[in-house]
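The sequence and structure are shown first.

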2 protein chains.
Amino acid sequence: MKEPIETFKALSDETRLRIMRLLVVSGKALCCCELTDSLEEPQYNISRHLKILKHAGLIDEQKEGRWVYSYAVPPANQFLKYLCEAVKSLDEEQLARDEQNLQARLQVRVNGKCTLGILKAHLIGVKEASNE
Amino acid sequence: MKEPIETFKALSDETRLRIMRLLVVSGKALCCCELTDSLEEPQYNISRHLKILKHAGLIDEQKEGRWVYSYAVPPANQFLKYLCEAVKSLDEEQLARDEQNLQARLQVRVNGKCTLGILKAHLIGVKEASNE
DNA sequence: TTCTTATATGCGCAACTATGCAACTATTAT
DNA sequence: ATAATAGTTGCATAGTTGCGCATATAAGAA
């Protein structure tokens with residue numbers, strides 16, 4: 001009974017749901033800085049939420065030098081398959097924006113790999129007042 | 001974005017997930033005391049969790065005299081349909097026990113309606129040490 | 001070795017959550 | 001009207017969660 005609860009909990013946070021959505025719909029393995037730039041959330045939050053998603057068994061990761069690529073684990077049972085479909089079926093503006101940001105961000109990959117780190121400098125350390 | 005999050009949150013609690021499961025798989029409208037006897041959780045908790053599920057739009061209710069019958073709302077979109085299927089697909093011992101308790105409890109309905117209140121007296125007010 | 005950089009994490013805090021208890025409302029029965 | 005009963009809710013509390021900040025780790029670059 002713990003497992004499904006933990007899965008629902010993992011998806012109960014907006015940042016985590018946004019991350020899952022990008023991983024699931026893109027089908028790609030994305031590094032922390034790409035997710036940071038796409039969601040426009042502080043890097044340390046992305047990192048923390050990735051850890052929670054991983055602990056819940058929804059994602060896994062693969063290290064490549066300084067970069068850690070996270071990807072959605074292929075659903076191991078019906079329950080996870082349905083949740084995955086549920087995430088895909090969401091139609092929210094925020095998610096569409098994230099996906100656009102990701103598309104743009106993926107353009108700067110070199111040979112299919114991230115080489116740049118976080119481009120939106122204000123997301124690295126401190127959260128600034130947004131003057132946009 | 002608030003809505004899917006609230007839905008996931010609603011399903012992130014064990015008691016609520018158990019309630020939803022009973023409502024979804026039985027397809028019936030169940031009153032608070034039937035759920036209390038089935039889940040063997042204090043009545044006031046069942047009541048509170050029903051309120052949360054209702055607020056999340058997953059269930060609705062229908063009053064009949066002193067009884068309040070809650071039922072799973074037919075999923076209004078793909079997202080909810082998938083979640084509903086996910087809940088149905090769960091295979092947990094606890095859920096099986098709940099369903100057995102419910103079947104037994106439904107036997108005592110008269111003309112398809114509950115007439116008895118809570119049968120397991122210790123679930124009414126105070127939570128006692130279980131000597132079973 | 002030293003610097004840079006991608007990612008991770010300890011700390012403190014404010015907000016939220018589930019719970020037990022007790023008291024309450026609302027509806028039916030006597 | 002009074003009692004009984006199905007369900008609700010306010011309060012206090014213990015536990016959890018997400019966040020900002022600062023700093024740490026780890027791996028490549030100079």
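In helix α5 of chain A, Lys88(A) and Glu85(A) stand 3 residues apart, which means that about one helical turn separates them. An α-helix has 3.6 residues a turn, so residues three or four places apart point the same way. In this predicted model, the side chains of Lys88(A) and Glu85(A) form a salt bridge, with an N to O distance of 3.3 Å. Both partners are partly exposed: Lys88(A) has a relative accessibility of 40%, and Glu85(A) has one of 28%.

**Salt bridges**

Over all chains, the structure holds 16 salt bridges. Three of them are set out below.

| Salt bridge | N to O distance | Location |
|---|---|---|
| Lys88(A) and Glu85(A) | 3.3 Å | helix α5 of chain A |
| Asp37(A) and Arg105(A) | 2.5 Å | helices α3 and α6 of chain A |
| Arg105(B) and Asp37(B) | 2.5 Å | helices α6 and α3 of chain B |

In chain A, the salt bridge of Asp37(A) and Arg105(A) has an N to O distance of 2.5 Å. Asp37(A) belongs to helix α3 and Arg105(A) to helix α6, so the pair ties together parts that are 68 residues apart in sequence. Asp37(A) and Arg105(A) are both buried.

In chain B, Arg105(B) and Asp37(B) form a salt bridge whose closest N and O atoms are 2.5 Å apart. Here Arg105(B) lies in helix α6 and Asp37(B) in helix α3, so this pair likewise ties together parts that are 68 residues apart in sequence. Arg105(B) counts as buried at 5% relative accessibility, and Asp37(B) is buried with a relative accessible area of 3%.

After α3(B) comes Glu40(B), which has a positive phi near 55 degrees.

In chain A, helix α3 (residues 32-39) contains Glu34(A). Glu34(A) is buried, with a relative accessible area of 0%. Its side chain makes a polar contact of 2.7 Å with the side chain of Arg109(A). A polar atom of the Glu34(A) side chain also lies 3.1 Å from the backbone nitrogen of Cys31(A). Beyond its neighbours within four places in sequence, Glu34(A) is in contact with residues including Ala29(A), Tyr69(A), Arg105(A) and Cys114(A).

Most residues other than glycine have a negative phi, and most peptide bonds are trans. Asn111(A), although not a glycine, has a positive phi of about 55 degrees, and it is placed in the segment after α6 of chain A. Asn111(A) is exposed, with a relative accessible area of 75%. Asn111(B) has a positive phi near 55 degrees and is found in the segment after α6 of chain B. At 77% relative accessibility, Asn111(B) counts as exposed.

**Nonpolar cores**

The largest nonpolar core has 62 residues, of which Leu58(A) and Leu58(B) touch the most other members. Leaving aside neighbours within four places in sequence, the contacts of Leu58(A) include Leu11(A), Met20(A), Leu53(A), Tyr71(A) and Leu80(A). Another core of 6 residues lies apart from the largest one, with Cys31(A), Tyr69(A), Ile118(A) and Leu123(A) among them.

**The contact between the chains**

Chain A and chain B each contribute 22 residues to their contact. About 2100 Å² is buried between them, 77% of it on carbon and sulfur atoms. Met1(A), Phe8(A) and Tyr82(A) supply 34% of the area that chain A buries against chain B, more than any other three residues.

There are 0 salt bridges between chain A and chain B, while 9 residue pairs are in polar contact across the interface. On the side of chain A that touches chain B, α1 (2-10), α2 (14-26), α5 (78-89) and α6 (93-107) each give two or more residues. The largest share, 7 residues, comes from α5(A). By class, this side of chain A has 12 nonpolar, 4 polar and 6 charged residues.

Key
Residues are numbered from 1 along each chain as its sequence is written. Chains are lettered from A and ligands numbered from 1 in the order in which they are written. This is a predicted model: local features need pLDDT of at least 70, side-chain atom pairs count only at pLDDT 80 or more; totals for chains, interfaces and linings use all residues. Side-chain values use heavy atoms; hydrogens and water are left out. Contact means heavy atoms within 4.5 Å. Buried area is the accessible area (1.4 Å probe) that two parts lose on being put together, summed over both. A salt bridge is a side-chain nitrogen of Lys or Arg within 4 Å of a carboxyl oxygen of Asp or Glu. A polar contact is a pair of N or O atoms within 3.5 Å; within protein, one must be able to donate a hydrogen and the other to accept it, and residues adjacent in sequence count only if both atoms are side-chain atoms. Helices (H or I, at least four residues) and strands (E, at least two) are DSSP runs, numbered from the N terminus. Ala, Val, Leu, Ile, Met, Phe, Trp, Tyr, Cys and Pro count as nonpolar, Asp, Glu, Lys and Arg as charged, and the others, Gly among them, as polar. A nonpolar core is a set of buried Ala, Val, Leu, Ile, Met, Phe, Trp, Tyr and Cys residues joined through side-chain atoms within 4.5 Å. Buried means under 20% relative accessible area, exposed over 50%, partly exposed in between (1.4 Å probe, protein chains only).
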